[in-house]
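Visitor: I would like to learn how to read this model. Please take me through it feature by feature.

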Amino acid sequence: MNQFQYNKANEPHSAVKLVAKDPDAHFLAGGTNLIDLMKMGVVNPTKLVDINHLPFSKIEKLPHGLRIGALVSNSDVADSELVKAGFPLLSQAINAGASPQLRNMATVGGNLMQRTRCPYFFDTTLPCNKRKPGSGCGALEGINRMHAIFGASDQCIAVNPSDMNVAMRALNATVHVSGPKGARGIPIADFHRLPGEQPELDNTLKNGELITAVELPYSAFNKNLSYLKIRDRTSYAFALVSAAVALHLEGETIKEARLAMGGVAHKPWRLSAAEEFLKGKMVSEGNFRQAAQIAMKGAKAYQYNQFKLKLAPNTLIQSLRIASGIAAS
Ligand code: SF4
């Protein structure tokens with residue numbers, strides 16, 4: 001058994017200080033991911049800093065949007081009337097993830113920090129550059145059915161497992177953090193990383209930085225939307241592919257589209273070129289098919305995930321149909 005020190009933080013500054021001075025220290029919130037990783041020996045912290053008593057448990061209305069504290073549970077976010085009214089895409093995405101029990105425990109901050117579910121990452125007897133830099137990537141030539149088709153490197157082809165993050169990417173969230181050098185806001189597009197040469201780094205947080213809240217700007221994307229998740233079973237499974245779609249429609253014309261995919265990359269994958277294509281176009285099967293074709297440019301599959309090259313565009317097309325109302329959800 002690995003020994004570790006447990007600390008309960010009563011205010012943000014001391015939590016940041018405790019983690020910043022120890023590279024092997026971790027913040028502990030819901031623990032739904034971290035505790036599993038500790039039990040399996042994937043992560044071996046010297047110190048856990050329990051942040052559950054910090055004042056980050058509110059959902060607040062701002063003049064320009066919504067501020068969701070980092071410690072709000074996934075269930076409370078999904079069930080919030082403020083979220084359901086302003087950001088129903090986020091509610092849908094969260095409810096598509098995990099199980100009710102996990103959603104009750106898991107926090108917004110923890111969901112942003114979720115580690116990949118690549119099986120080689122979880123098995124400490126197998127090579128994995130993310131768990132042990134320089135040891136190799138078992139998935140590259142191994143069982144890579146769940147893995148990336150966009151933005152991978154020869155060091156890592158893992159995907160981000162979160163549903164919440166995909167909706168947040170489509171909704172242009174900003175992640176607020178507090179660290180040894182003060183507070184800052186990170187656009188969600190810059191929060192998660194692609195693996196590149198350093199797959200051990202999932203995000204751009206600096207040493208000791210603590211997520212305090214997420215802000216979502218109000219927009220016209222709260223009426224025509226769909227989060228469609230394709231998985232091996234209909235509950236409690238990670239996405240093979242998911243597609244978050246939000247459309248700002250004026251009659252049958254798409255004024256603007258927000259599109260993001262999950263289960264396809266090391267970060268929630270925004271489909272900017274397809275969004276650009278759909279701007280000003282009519283709602284139509286033909287336009288949705290062309291948008292999906294554009295979205296798939298640059299996709300690359302491995303031995304066991306070739307099926308994603310078809311599944312991804314089909315999921316996007318169906319999600320567009322649902323969001324626009326030309327298909328039932
Ligand atoms: Fe590890 Fe990434 Fe390779 Fe999976 S894909 S074995 S997480 S390096």
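The dialogue below covers ground rules, sheet, cysteines and domains.

Guide: Ground rules. This is a predicted model, where local features need pLDDT of at least 70 and side-chain atom pairs count only at pLDDT 80 or more, while totals for chains, interfaces and linings use all residues. Residues are numbered from 1 along each chain as its sequence is written, and side-chain values use heavy atoms, with hydrogens and water left out.

Visitor: In what order do the five strands of the open sheet run?

Guide: Strands are DSSP runs of E, at least two residues, numbered from the N terminus. Two of them pair if DSSP finds at least two bridges between them. Here the order is 4-5-8-6-7, with antiparallel pairing. Strand 4 (59–61) and strand 7 (182–187) are the edges, each pairing on one side only. From one strand to the next, the twist averages 25°, taken between N-to-C axes fitted to C-alpha atoms, on a scale from 0 to 180 degrees.

Visitor: How many bridges join strand 6 and strand 7?

Guide: Six, in the antiparallel sense; strand 6 spans residues 174–179. Val175 faces Ile186 of strand 7.

Visitor: Is Cys128 buried or exposed?

Guide: Buried means under 20% relative accessible area, exposed over 50%, partly exposed in between (1.4 Å probe, protein chains only). Cys128 is at 7%, so it counts as buried. Cys156, at 6%, is buried too.

Visitor: How many disulfides are found?

Guide: A disulfide is a pair of cysteine sulfur atoms within 2.5 Å. The search of the whole structure finds zero.

Visitor: Which domains are assigned?

Guide: Bounds come from an automatic or database domain assignment. It gives domain 1 (5–52) and domain 2 (224–328). Their C-alpha centres lie 36 Å apart.

Notes
Helices (H or I, at least four residues) and strands (E, at least two) are DSSP runs, numbered from the N terminus.
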